[in-house]
Structure formats: structure tokens, C-alpha cells
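Biologist: I would like to learn how to read a protein model. Could we take one feature at a time?

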Amino acid sequence: MSPQSVKLVFFHYFLVVCVFYNPTDSGAVKLTSENIDMTLASNELVLINFYADWCRFSNILQPIFDEAAEKVQAAFPEPGKVVMGKVDCDRESAVASRFHISKYPTLKVLRNGQPTKREYRGARTVEAFTEFIKKQLEDPIREFQNIKDLEQLDSKKRIVVGYFDRRDMPEYNTFRRVATNLKEDCQFHVGFGEVVQALHPPGHPIIVFRPDVAVSNENDETYTGDLRNFDELNVWVQEKCVPLVREITFENAEELTEEGLPFLILFYAPDDIDSIKDFKAIVQMDLISEKQNVNFLTADGKRFAHPLHHLGKTQADLPLIAIDSFRHMYLFPNFKDIYVPGKLRQFLNDLYSGKLHREFHYGPEKDTVVEAIASDDSKKPTTPPESTFKNLGPSKNRYTLLRDEL
């Protein structure tokens with residue numbers, strides 16, 4: 001073999017190593033400050049176990065995570081597809097700090113080099129990890145074969161629709177990457193060729209956002225930026241798909257609680273779309289400036305019957321609004337008062353000022369917004385129950401918590 005051929009072979013080998021970097025073939029990949037950036041940049045999906053050797057929960061998880069990594073590697077051997085990695089946070093403190101690790105073990109999910117909002121919080125078994133990876137690698141975009149199919153989409157979901165000439169367009173690759181990042185926040189659909197040729201000019205694909213009916217009566221909105229610019233499209237879709245008011249479920253309650261912000265929650269009956277729509281509209285119009293101070297949430301009153309019980313309410317009392325401060329729960333006296341300008345904001349202000357808590361100890365203050373429900377109770381101290389949602393936060397029986405407030 002000539003020297004030139006040897007150089008060519010070496011170049012191709014070096015290119016493969018750099019583009020699809022996975023520095024180990026057994027167990028989870030040991031990630032350090034030297035190799036983490038290349039690993040993240042060259043793999044579609046990376047699941048990282050941030051651990052500490054002295055943490056017993058980390059030690060319990062480690063062999064399970066390593067075995068799962070081997071099974072995932074066997075199931076998805078294609079370079080650049082998926083890596084399960086691990087970071088020793090004592091040795092790699094800079095990496096741990098970069099990812100804001102506050103408990104051990106923490107399992108972070110990264111797609112296309114970017115951390116997702118949600119950590120892995122599922123079961124810690126080999127089977128659960130492998131099934132999670134399989135679901136994460138499923139195509140996030142559903143293709144429709146008839147334009148009438150779009151009329152059958154779930155109107156309660158936020159939806160992004162793409163209209164393309166064909167699948168091999170660079171614009172579609174950008175769309176697919178964005179959909180991979182945000183598939184838990186929106187549904188993504190696409191049509192190709194003759195199916196959608198009447199809906200966009202030839203050679204000019206279009207991406208459209210369709211809001212859910214519980215937000216407003218807004219029309220579909222078309223993206224007007226560069227369809228080849230991943231960052232620009234990703235920001236636009238994220239702004240549309242990540243709502244100001246989120247739905248709390250038992251699946252995401254831990255991550256919402258971990259954000260540490262009080263909850264302003266609408267408890268609704270499962271078939272009550274109007275109350276959800278009105279609550280979201282009022283929050284958007286009057287309370288958007290408070291989004292850094294409070295989490296605005298909706299909760300299915302049937303699924304979350306336990307908090308209702310602690311508030312002294314049942315499903316027959318829905319809809320109703322409450323604040324969970326992670327110390328106590330405070331009930332907004334009359335749901336219909338949300339339509340009175342300033343009432344819901346005053347309820348929040350009374351939380352911030354400590355007024356709600358003072359009333360807990362000393363009874364309603366004169367001219368308070370949160371009046372006693374019955375007049376003959378007006379001189380008695382209020383008795384808001386203790387927080388119930390704080391119990392859905394990170395468990396001391398599952399993590400070594402590094403922050404006192406957790």
C-alpha cells in the first residue's frame with residue numbers, strides 16, 4: 001500500500017472517530033471534561049448518570065445502568081445514534097456544576113447536544129432504561145396521507161405541521177431535529193409531495209403551528225424564518241409549544257416541584273374545557289409578568305382527588321383554584337372571581353406579602369380579598385392544609401439531596 005493510500009485510510013478512520021464518538025464498548029461511557037462535548041455533539045441521544053461513589057443510591061444504580069448501556073449498545077449499534085454515559089461528580093466537579101446537579105444520582109437526557117427540560121424519572125431497571133431509549137428514538141413526526149387527516153387531529157394538543165416536497169430536503173432534516181427535541185411538548189405531523197402540493201409553493205416548504213382549543217381561538221401561525229437554521233426554528237417552536245400554563249400529572253409532578261416555585265393551580269372536571277381556556281387566557285393577559293415567580297398549572301380534579309380532599313372539597317366543587325406554597329395550600333374563595341379584574345393577581349400578591357399565611361394564624365384581615373366563606377366564621381382563624389404537592393418532589397429515599405430546601 002502506497003504512503004498516500006495509508007494516509008487516506010487514516011484520514012477516513014479519524015473522520016469516523018470524530019463524527020461518531022463513543023469512547024467505550026462495554027458499560028456506560030465514562031464522560032469527562034475532555035470527552036463530553038464531542039460525545040454530545042456526535043450523538044442524537046445521550047442519557048447521563050451523574051453519580052458520586054459515596055452515595056449509596058448511586059452505588060445501587062451503577063450496575064443496573066451499566067447493564068442497560070450494554071443492551072442499548074447492542075440494540076442500537078449505529079454510530080451517532082445513542083450513548084448512555086456516566087459522570088463521577090467528585091472527579092468531574094466542573095461538569096457537575098455545568099449541568100446544575102443538585103442530587104445524586106441525577107439522570108439527564110440530552111438530544112442533539114442540548115439538555116431536555118425533563119430528567120429521566122422512570123423505574124431504575126434494565127428493562128425500563130432500554131424501553132425508554134427505544135421510545136426516545138422513535139420517529140417524532142407522524143406522516144399523514146390525506147389532507148383530511150388534519151381535521152381529525154386532537155384539538156386539545158399543540159400541533160406543528162410541516163408541508164414538504166419530499167423527505168430528503170435539508171429543511172426537513174432541520175424540522176426532524178427540532179421535533180426530536182420538543183416531541184414531549186407538541187405533536188408533529190408532516191405531509192409530502194402531491195398530498196400537500198396545494199398548500200405550499202413548489203420548492204418552498206412551510207411549517208405551521210396550531211394552538212390547542214383550550215388556549216384561545218387563535219388561528220394557525222406560519223413560521224417565517226430560515227427553515228435551514230436549526231437554532232432559529234428550535235426557538236420559535238419552543239416558544240409555541242412550551243405553554244405558560246402547564247398540565248400537572250403524576251408523571252411530571254416531581255420535576256415541577258423541583259423547580260421550587262409556588263403552584264397556582266386550576267382543578268377542573270375532566271370534561272370542562274371552558275374553565276381551562278378562561279384560566280389560561282386570564283393568566284396570559286394579567287399574570288404573565290409573574291411567570292418567574294410562580295408555576296401556573298391545571299390539574300385533573302378526578303386524578304388529583306387527594307389535594308381536593310385536603311382542601312375540604314370534592315369533584316362536585318370543581319372548578320376551583322388554589323395556591324400550593326409548599327408549606328400550605330390556600331383556596332381562592334370563589335372561582336367566578338377570576339373574571340373580576342385584579343382579583344387573581346391580588347390573591348398572588350397576598351401570598352407574596354405573607355397575608356395568606358398571617359390569616360392562617362390570626363384569621364381574615366379586614367377588607368381582605370380572601371374572605372371567610374361563611375360570615376359566622378369571620379372571626380375564626382383559617383386552617384389551610386399543609387402542602388400535598390411537596391410530597392411529590394424528589395424523595396430522600398431515592399436521592400442524596402444536596403439542597404436543604406429539598
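Biologist: Is Met84 buried or exposed?

Modeller: Keep in mind that this is a predicted model. Residues under 20% relative accessible area are called buried. Met84 has a relative accessibility of 4%, so Met84 counts as buried. Met84 is part of strand 3.

Biologist: Which residues does Met84 touch, leaving out those up to four places away in sequence?

Modeller: Met84 is in contact with Ala28, Val29, Leu47, Phe65, Ala68, Ala69, Val72, Phe129 and Ile133. Take Phe129 as an example: 45 residues separate Met84 and Phe129 along the chain, and their C-alpha atoms are 9.7 Å apart.

Biologist: Phe129 brings us to helix 5. Which residues of helix 5 are buried?

Modeller: Helix 5 covers residues 126-136, and its buried residues are Val126, Ala128, Phe129, Thr130, Phe132, Ile133 and Gln136. The elements that cover them include strand 2 (45-51), helix 3 (56-75), strand 3 (82-88) and strand 5.

Biologist: How should I read the packing of helix 3 and helix 5, and at what angle do they pack?

Modeller: Look at the angle between the axes and at the distance between them. For helix 3 and helix 5 the angle is about 45°, and the axes are 9 Å apart. Helix 3 is therefore oblique to helix 5. The crossing of the two is right-handed.

Biologist: Which residues meet there, in helix 3 and in helix 5?

Modeller: Helix 3 brings Leu61, Ile64, Phe65, Glu67, Ala68, Lys71 and Val72, and helix 5 brings Val126, Phe129, Thr130 and Ile133. Sorted by class, this contact has eight nonpolar residues, one polar residue and two charged residues.

Biologist: Let us turn to charges. How many salt bridges does the structure hold?

Modeller: Start with the general idea. Side chains can pair when they are of opposite charge and their charged atoms come close. In this structure there are 16 salt bridges. One of them joins the side chains of Glu184 and Arg111, at 3.2 Å from N to O. These two residues are 73 apart and link distant parts of the chain: Arg111 is in strand 5 (residues 106-111), and Glu184 is in the loop between helix 6 (170-182) and strand 9 (187-192).

Biologist: Is Arg111 buried or exposed?

Modeller: Arg111 has a relative accessible area of 2%, so Arg111 is buried. Glu184, at 39%, counts as partly exposed.

Biologist: What does Glu143 form a salt bridge with?

Modeller: The partner of Glu143 is Arg167, with 2.7 Å between the closest N and O atoms. This pair also links distant parts of the chain, 24 residues apart: Glu143 lies in strand 7 (residues 141-143) and Arg167 in the loop between strand 8 (159-164) and helix 6. Glu143 is partly exposed at 37%, and Arg167 is partly exposed at 43%.

Biologist: Which residue forms a salt bridge with Arg228?

Modeller: Arg228 pairs with Glu171, and their closest N and O atoms are 3.2 Å apart. Arg228 is in the loop between strand 11 (221-222) and helix 7 (230-241), while Glu171 is in helix 6, so the pair ties together parts 57 residues apart in sequence. Arg228 counts as exposed, at 54% relative accessibility, whereas Glu171 is buried, at 10%. Elsewhere, salt bridges with shared partners join Lys103, Lys108, Glu119, Arg121 and Glu254 into one network.

Biologist: To finish, how many helices and strands does the protein have?

Modeller: The secondary structure comes to 12 helices and 17 strands. The protein has 406 residues, of which 48% count as buried. Among contacts between residues at least 6 apart in sequence, 72% join residues at least 24 apart.

Technical notes:
Residues numbered from 1 in each chain as written. Predicted model: local features only at pLDDT ≥ 70, side-chain atom pairs only at ≥ 80, totals over all residues. Heavy atoms only, no water. Salt bridge = Lys/Arg side-chain N within 4 Å of Asp/Glu carboxyl O. Helix = DSSP H or I, 4+ residues; strand = E, 2+ residues; numbered from the N terminus. Buried < 20%, exposed > 50% of the residue type's maximum accessible area, 1.4 Å probe, protein only. Contact = heavy atoms within 4.5 Å. Axes fitted to C-alpha atoms, helices over the stretch in contact; angles between N-to-C directions. Parallel < 35°, antiparallel > 145°, perpendicular 65-115°, else oblique. Left-handed = near helix turned anticlockwise from the far one by under 90°. Nonpolar A, V, L, I, M, F, W, Y, C, P; charged D, E, K, R; others polar.
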